[in-house]
Amino acid sequence: MAETAQYRVATATRTSRIGLLVLLAGVVFLAMTPFWGGRAEMRLVVEFCYFLALAQMWNLLAGYAGLVSVGQQAFVGLGGYALFVFSIWLGVHPLLALPLAGVTAALFAIPTALVVFRLRGAYFAIGTWVTAEVYRLSFAQVSELGGGSGMSLPIGVIKAVAGSRSERELVVFAIGVALAVASTGIVYWLLRSRYGLGLTAIRDSEAASESLGVNNFRTKLFVYVLAASITGFIGALIYLQKFRIAPDAAFSLIDWTAYVIFIVVIGGIGRIEGPIVGTIVFFILREFLADLGSWYLMILGLVAVIIMLRAPQGIWGLLAARFDLHFFPVQRRLYLRDGRPPGGP
Amino acid sequence: MDWVNAVIQGVLVGGLYALFATGLSLIFGVMRLVNIAHGDLIVLSSFLCLAIVSGLGLHPLIVLAIVVPLMFALGYALQRGLLNFTLGPDILPPLLVTFGLSIVIQNALLEVFSADSQKLPAGELQTASLQIVEGLAVGVFPMIVFACAIAVIAGLQFLFYRTTLGSAFRATSDDADTARLMGIDNRHIFALAMAISLAVVALAGVFLGMRTSFDPSIGPGRLIYAFEAVIIGGLGSLWGTLAGGIILGVSQIVGGKLFPGADQLAGHVVFLILLVVRPRGLFPRAVD
């Protein structure tokens with residue numbers, strides 16, 4: 001055993017410890033918004049948080065599991081509608097309806113997966129889109145849910161969240177921040193677990209991973225259902241903030257998938273830091289360009305196309321390669337005991 | 001007779017769907033590229049035709065002689081200037097680049113033509129119909145579209161299996177590296193495939209615009225119909241794609257008759273059922 005004592009395997013690096021501190025500071029800054037900002041700032045931070053959480057989930061699917069979904073709006077919409085059904089029809093407390101919406105989305109994700117997993121690659125992408133369309137068109141048919149024009153949360157349900165408006169906003173704000181932190185944490189934890197190794201193996205070669213004992217189908221299904229469930233939770237939160245739901249908006253490809261894809265591509269796909277950087281860039285761009293209307297989307301699309309062609313690793317990928325930055329190290333590195341650089345004599 | 005009529009309408013719409021799908025199927029067959037912007041390129045052709053029709057005052061079918069070569073050239077340029085750089089073992093770049101392209105085209109159309117619904121003036125073709133038996137009449141224009149779909153597929157079938165260019169397409173599709181060793185310029189072959197795909201798209205776009213009203217937002221919906229027709233028919237089979245289009249068209253029209261307002265949903269549901277029952281489609285040729 002003398003051989004093995006001479007090295008250790010670690011994932012953390014010095015920059016990763018510093019990075020974690022920077023991130024922690026960022027989270028504390030956002031969590032303190034109610035102390036330094038007003039209503040508008042709190043709304044903006046909640047929006048930032050749910051886009052970040054959606055982006056983490058899409059990145060987990062596309063960047064790590066090789067499941068490029070263009071249909072995540074299905075689970076945002078399902079989560080949103082689940083909130084309405086549970087709180088209005090079944091009288092469940094709206095805050096309890098949020099996790100139930102996550103469970104609902106997961107229950108819908110299983111049969112959805114069994115259908116779309118029959119398609120590969122790009123055809124899988126369009127398949128997920130079709131299923132999202134099916135959900136949108138189906139909800140538009142249900143007249144009890146307002147059909148195509150949708151419905152609003154009754155005042156009684158809204159009041160059940162908290163008595164006053166500012167208290168309600170604080171509750172939604174707290175859940176939003178928690179959700180962003182939790183979804184980032186879950187992805188990080190998942191990638192450092194044995195599932196993460198399996199996922200990376202699947203992404204790199206399906207055949208090789210299967211032959212090494214990774215159950216590709218089960219691993220992918222697990223990740224797909226997990227992402228759907230958290231996306232459903234996010235959807236419920238979004239509509240708890242908006243109070244009003246309609247099929248076209250709840251199952252919107254642009255709002256819940258296209259923006260999210262641009263965020264991840266611009267930030268850096270297949271990296272946990274990517275969605276964080278992407279969401280920040282997205283909000284900055286929106287601040288300056290949103291008044292341009294359709295030009296704004298055209299610019300976003302062009303930026304994503306250029307990044308995919310010139311720097312497919314995204315902004316974070318460029319920074320990470322240049323400065324060896326890894327805020328969320330999931331790579332295992334080899335260190336020799338006596339401090340010699342790995343690979344030396 | 002109502003039901004017979006619905007089925008015939010469905011079959012004829014299926015011809016249009018097959019035209020949507022042929023281009024998608026063609027480029028997937030040659031270079032394994034799925035063009036997410038396919039539907040938006042169909043709508044782009046409709047708008048191009050509209051601009052020329054209102055500028056020159058010609059009939060849309062005559063304008064085809066301008067729009068088809070224009071889209072052919074655009075396809076060649078698009079492939080050589082952009083999409084060739086995305087091809088490789090990784091499926092993400094082509095998928096995400098064409099997705100970005102789709103958003104760009106949609107919003108550019110919105111900026112230029114506004115969100116208003118438009119229609120191409122078809123003149124007398126609009127209402128002309130043929131009486132087959134008592135109480136059963138079939139529109140002349142839908143029949144022209146269907147005949148064109150058959151002609152296009154037969155033409156492509158001939159091109160693929162009877163010409164030198166077709167051999168080059170099939171060789172590149174089977175093994176791009178070996179094809180290059182045999183002196184085939186892949187970049188040129190891929191660009192030609194995209195050019196042909198967009199020429200068919202142009203035809204489909206003009207027919208779409210003459211048949212129904214269109215606006216910049218309907219592209220993704222056409223992509224989904226095209227995709228469903230391809231998958232139902234089986235990857236790599238052009239005649240299968242026609243069958244897929246017909247099945248989709250009939251499901252929509254008959255479904256809409258059974259459940260008013262649910263025609264799109266009926267099409268999607270039939271597609272999903274077929275996907276579960278026959279995951280490789282009805283007439284699969286290609287693997288993957």
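Colleague: What radius of gyration would a compact globule of 288 residues have, and what does chain B have?
Modeller: The radius of gyration is taken over C-alpha atoms, and the globule rule is 2.2 Å times the number of residues to the power 0.38. For 288 residues that gives a value near 19 Å, and chain B has 19 Å, so the two agree. Along its principal axes, the C-alpha trace of chain B spans about 60 × 50 × 35 Å.

Colleague: What kind of model is this?
Modeller: This is a predicted model, in which local features need pLDDT of at least 70 and side-chain atom pairs count only at pLDDT 80 or more, while totals for chains, interfaces and linings use all residues. Residues are numbered from 1 along each chain as its sequence is written, and chains are lettered from A and ligands numbered from 1 in the order in which they are written.

Colleague: How many helices and strands are there in chain B?
Modeller: Chain B has 11 helices and two strands. Both are DSSP runs numbered from the N terminus: helices are H or I with at least four residues, strands E with at least two. Their order from the N terminus is α-α-α-α-β-β-α-α-α-α-α-α-α.

Colleague: How do you know that β1 and β2 of chain B are joined?
Modeller: Strands pair if DSSP finds at least two bridges between them. Four bridges join β1 (residues 129-133) to β2 (residues 136-139) in chain B, and the strands run antiparallel; they therefore count as a pair. B:Gln131 stands opposite B:Ala137 in β2(B). The hairpin has two residues between its strands, and B:Gly135 there takes a positive phi near 80 degrees.

Colleague: Why does A:Pro275 count as buried?
Modeller: A residue is buried if 20 or more other C-beta atoms, placed from the backbone, lie within 10 Å of its own, exposed if 12 or fewer, and partly exposed in between. A:Pro275 has 34 C-beta neighbours inside 10 Å, so the residue is buried. A:Pro275 lies in helix α14 (residues 273-289) of chain A. Its contacts beyond four places in sequence include A:Leu52, A:Ala55 and A:Ile263; contact means C-beta atoms, placed from the backbone, within 7 Å. The C-alpha atoms of A:Pro275 and A:Met57 are separated by 9.3 Å, although the two are 218 residues apart along the chain.

Colleague: What makes the span of helix α3 of chain A agree with 1.5 Å a residue?
Modeller: The expected span is 1.5 Å times one less than the number of residues. Helix α3(A), residues 39-64, has 26 residues and should span 38 Å; its end C-alpha atoms are 36 Å apart, which agrees. Just after α3(A), A:Gly66 takes a positive phi of about 70 degrees.

Colleague: Which residues have the most contacts inside the largest nonpolar core?
Modeller: They are A:Leu237 and B:Ala193, in a core of 207 residues. Such a core is a set of buried Ala, Val, Leu, Ile, Met, Phe, Trp, Tyr and Cys residues joined through C-beta atoms within 7 Å. Helix α8 (residues 186-211) of chain B gives the largest share, 19 residues.

Colleague: How many residues of chain A are in contact with chain B?
Modeller: 32 residues of chain A are in contact with 34 of chain B. On the side of chain A that touches chain B, α6(A) supplies the largest share, 12 residues.

Definitions and conventions. Two residues are in contact if their C-beta atoms, placed from the backbone, lie within 7 Å.
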